[in-house]
Amino acid sequence: MVTDKQIKVIFFDIGGVLLKIHPERMIGKISSFTNIPYEVVENAFPQNEHDIYERGKMTDYDWYVSYKKALPQENSLSEDQFWKSWSLLLGNETDVVDILINLKKNYKIWLLSNTNPMHIKSEIESKCVFHKLVDGAIYSYDVGYRKPEKEIYYIACDSADVNPENSIFIDDLEENIIGANKVGIKGIHYKSTIKLSKELTRLNIKHD
């Protein structure tokens, strides 16, 4: 059983935990800008290039070009239209932020996210409350690794100056929790705020 005194740092994922995400809004906007059917835009997402972008190995402009090329040829998507659409992927902060605020009274709080510079610098840093509350952040594009690769968890623990077994990681994707478990971090698979609260209580983690 994990005890309160053992845990020093709690890592949070961003999208799907602290922020609502709306891929349908982004896809719909690109469809509207280009007159390409929603389903075609949805199925054209360049996953391999997105992986490269989130590792910090592709510029913002090259990500736009990659996305435009993945759509049917001769489309009209401008760079300005693309970034307006891309920003719509991120929604409002969730009520998990209230739990984060309470956890901060007793633990160090870090972010650990697969993400990209445009979302962080243009959206999260300027608009989100939780960004101003945390002790630090590990972003995939800064470190060159993505969850669930073990390297990113080790980098996170080193940066937060904590042993894996003295930390907890909260993420909405089970594969990322499994990755954390493999390096010794206690993971909580986020499904709802109520379930998260119950799991923290079960682990004797103060959050009220």
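The structure is a predicted model, in which local features need pLDDT of at least 70 and side-chain atom pairs count only at pLDDT 80 or more, while totals for chains, interfaces and linings use all residues. Residues are numbered from 1 along each chain as its sequence is written, and side-chain values use heavy atoms, with hydrogens and water left out.

Helices (H or I, at least four residues) and strands (E, at least two) are DSSP runs numbered from the N terminus. An open sheet is formed by 5 strands, in the order S5-S4-S1-S6-S7, and the pairing is parallel. Two strands are taken to pair if DSSP finds at least two bridges between them. The edges of the sheet are strand S5 (136-139) and strand S7 (186-189), each of which pairs on one side only. From one strand to the next, the twist averages 20°. Strands of a sheet pair through backbone hydrogen bonds, either parallel or antiparallel.

Strand S1 (residues 9-12) pairs in the parallel sense with strand S6 (residues 167-171) over 4 bridges. Within this pairing, isoleucine 10 stands opposite isoleucine 168, and serine 167 is the bridge partner of valine 9. S1 also runs parallel to S4, to which 4 bridges join it; here phenylalanine 11 stands opposite tryptophan 110. In a regular strand the side chains alternate between the two faces of the sheet. Both faces of S1 are covered, with Val9 and Phe11 buried on one side and Ile10 and Phe12 buried on the other. Buried denotes under 20% relative accessible area, exposed over 50%, and partly exposed the range in between (1.4 Å probe, protein chains only).

Helix H6 (residues 96-103) lies across S1 and strand S4 (108-113), and runs at about 160° to S1. Axes are lines fitted to C-alpha atoms, for helices over the stretch in contact, and angles run from 0 to 180 degrees between N-to-C directions. Two packed helices are described by the angle between their axes and the distance between the axes. For H6 and helix H11 (residues 193-202), the axes come within 10 Å and cross at roughly 25°. The two helices, H6 and H11, are therefore roughly parallel to each other; angles under 35 degrees count as roughly parallel, over 145 as roughly antiparallel, 65 to 115 as roughly perpendicular and the rest as oblique. The crossing of H6 and H11 is right-handed. A crossing is given this hand if the near helix is turned clockwise from the far one by less than a right angle, and is left-handed if anticlockwise. In this contact (heavy atoms within 4.5 Å), Val96, Ile99 and Leu103 of H6 meet Thr193, Leu196, Ser197 and Leu200 of H11. The residues of the contact of H6 with H11 comprise 5 nonpolar, 2 polar and no charged. Ala, Val, Leu, Ile, Met, Phe, Trp, Tyr, Cys and Pro count as nonpolar, Asp, Glu, Lys and Arg as charged, and the others, Gly among them, as polar.

The crossing of H1 and H5 is right-handed. Met26, Lys29, Ile30 and Phe33 of H1 make the contact with Gln81, Phe82, Ser85 and Trp86 of H5. The contact of H1 with H5 divides into 5 nonpolar, 2 polar and 1 charged residues.

Several individual residues were also examined. Arginine 55, in the loop between helix H3 (47-54) and helix H4 (60-70), counts as buried at 17% relative accessibility. Not counting residues up to four places away in sequence, arginine 55 touches Ser140, Tyr141, Gly144, Tyr145, Arg146 and Glu149. Proline 148 lies in the loop between helix H8 (140-143) and helix H9 (150-160), and the peptide bond from lysine 147 to proline 148 is cis, with omega near 10°.

Asparagine 35, in the loop between H1 and helix H2 (38-43), has a positive phi of about 65° although it is not a glycine. Asparagine 35 is exposed, with a relative accessible area of 70%. Asparagine 204, in the segment after H11, likewise has a positive phi, near 65°, and is partly exposed at a relative accessible area of 42%.
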